[in-house]
Structure formats: C-alpha cells, structure tokens
Amino acid sequence: LNILHATMLAMRRAVEGLSPAPLRALVDGNRCPALSVPVEAIVKGDATVEAISAASILAKTVRDESMVALDARFPAYGFARHKGYPTAEHLDALRRHGVLPCHRRSFGPVRALLSQAELWPEALR
C-alpha cells in the first residue's frame, strides 16, 4: 500500500474498532476514508478544530515514543533524533546499515536499496 491507502485503511480500522461507535468522524486533510459513520475532511483541521489538534498531538507523541523505542533496538539509525523523517542522517543510515523490517517499502530510497537486495548480507534481507 502507498502512504495514502495505508492511512485510509488505518483510519477505517481505528473507527471500526471504537466502542461505542462514534456519531461522526473528522479528518485532518482533504480526503475521507470509507466509514460507516458520517465523515468530514477539514483542510488544516489541526489548526482549526480542537479535537483534531488534540488527536494530532497524541499521535505525534505515540510516534515519537515508537521512534525512541526503535532507536534503543537499532541505535545506528538515529530514530530518536530524526523520528523517521527522511533527513540526511536517516538516508545515510539506510545506505550504510541497510533496510529494517520497520522501513516503509514504498519509500523511494528504501525501494531503491531493496532493488539491490542481493548485495545485502543475509541478516538484512
């Protein structure tokens, strides 16, 4: 899945997993997933809707905690510093140390490295 389809699927699974079911869903952006409840896309919703702003803060906090945990397992990649963003440091670590299972396969630099998988040590394949 590309990032958009993965995001839509994750939003649908999240809403479907709620109990009780929500009355409606607000999405920060310009596209809505197919949901069983009314859904509204709000461009720049994190800056204009308090609930979306709060959800954004919580999501980024969880993401950052996940990156710190990954950093503890794979310190050579610097996840605690770049939080998974494609910084020069992150791209350099990918080239030097290879692709991990947590890396998104549809990300261009990862896809390019994987196309050369026969060059990687067995432990990294």
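# Pockets, aromatic rings and backbone angles

Visitor: Which residues lie nearest the centre of the second largest pocket?
Guide: The second largest pocket is lined by 15 residues. A pocket is an open set of points on a 1 Å grid over the protein atoms alone, where a 1.4 Å probe fits, with protein on both sides within 12 Å along at least five of seven lines; lining residues have an atom within 4 Å of a point. Nearest the centre of this pocket lie Ile3, Met67, Gly84, Cys102 and Arg104.

Visitor: What pLDDT do local features need in this model?
Guide: Residues are numbered from 1 along each chain as its sequence is written, and side-chain values use heavy atoms, without hydrogens or water. The model is predicted: totals for chains, interfaces and linings use all residues, side-chain atom pairs count only at pLDDT 80 or more, and local features need pLDDT of at least 70.

Visitor: What is the volume of the second largest pocket?
Guide: Its lining has 9 nonpolar, 3 polar and 3 charged residues, and α3 gives the largest share, 3 residues. The volume of the second largest pocket is about 460 Å³.

Visitor: Which element supplies the largest share of the lining of the largest pocket?
Guide: The largest pocket has a volume of about 860 Å³. Of its 19 lining residues, Thr7, Met11, Asp28, Ser56 and Ala59 are the closest to the centre. At least two lining residues come from each of α1 (3–16), β1 (25–28) and α3 (50–73), elements being DSSP runs numbered from the N terminus (helices H or I, at least four residues; strands E, at least two). The largest share, 7 residues, comes from α3.

Visitor: Which residues of α3 are buried?
Guide: Buried means under 20% relative accessible area, exposed over 50%, and partly exposed in between (1.4 Å probe, protein chains only). The cover over the buried residues of α3 includes β1, β2 (39–42), α2 (45–48) and α4 (79–82). The buried residues are Ile52, Ser56, Met67, Leu70 and Asp71.

Visitor: Which residues form the aromatic cluster?
Guide: Rings of Phe, Tyr and Trp (its six-membered ring) pair if their centres lie within 6.5 Å; planes under 30 degrees apart are stacked, over 60 edge-to-face, and the rest tilted. Phe74 and Tyr77 are edge-to-face, at 6.4 Å centre to centre with 85° between the planes, while Tyr77 and Phe79 are stacked, at 5.7 Å and 10°. Tyr77 is buried at 4% relative accessible area, as is Phe79 at 2%, whereas Phe74 is partly exposed at 21%. The cluster consists of Phe74, Tyr77 and Phe79.

Visitor: Where is Pro20?
Guide: Most peptide bonds are trans. The bond joining Ser19 and Pro20 is cis, with omega about 5°. Pro20 is in the loop between α1 and β1.

Visitor: Is Lys44 buried or exposed?
Guide: Lys44 has a positive phi, near 60°, and is not a glycine. Its place is in the loop between β2 and α2. With a relative accessible area of 61%, Lys44 is exposed.

Visitor: What is the phi of Lys83?
Guide: Lys83 is in the loop between α4 and α5 (88–97) and is partly exposed, at 22% relative accessibility. Although Lys83 is not a glycine, its phi is positive, about 55°.

Conventions
Grid points are joined across faces, edges and corners, and a volume is the space filled by probe spheres set on the points. Ala, Val, Leu, Ile, Met, Phe, Trp, Tyr, Cys and Pro count as nonpolar, Asp, Glu, Lys and Arg as charged, and the others, Gly among them, as polar. Contact means heavy atoms within 4.5 Å.
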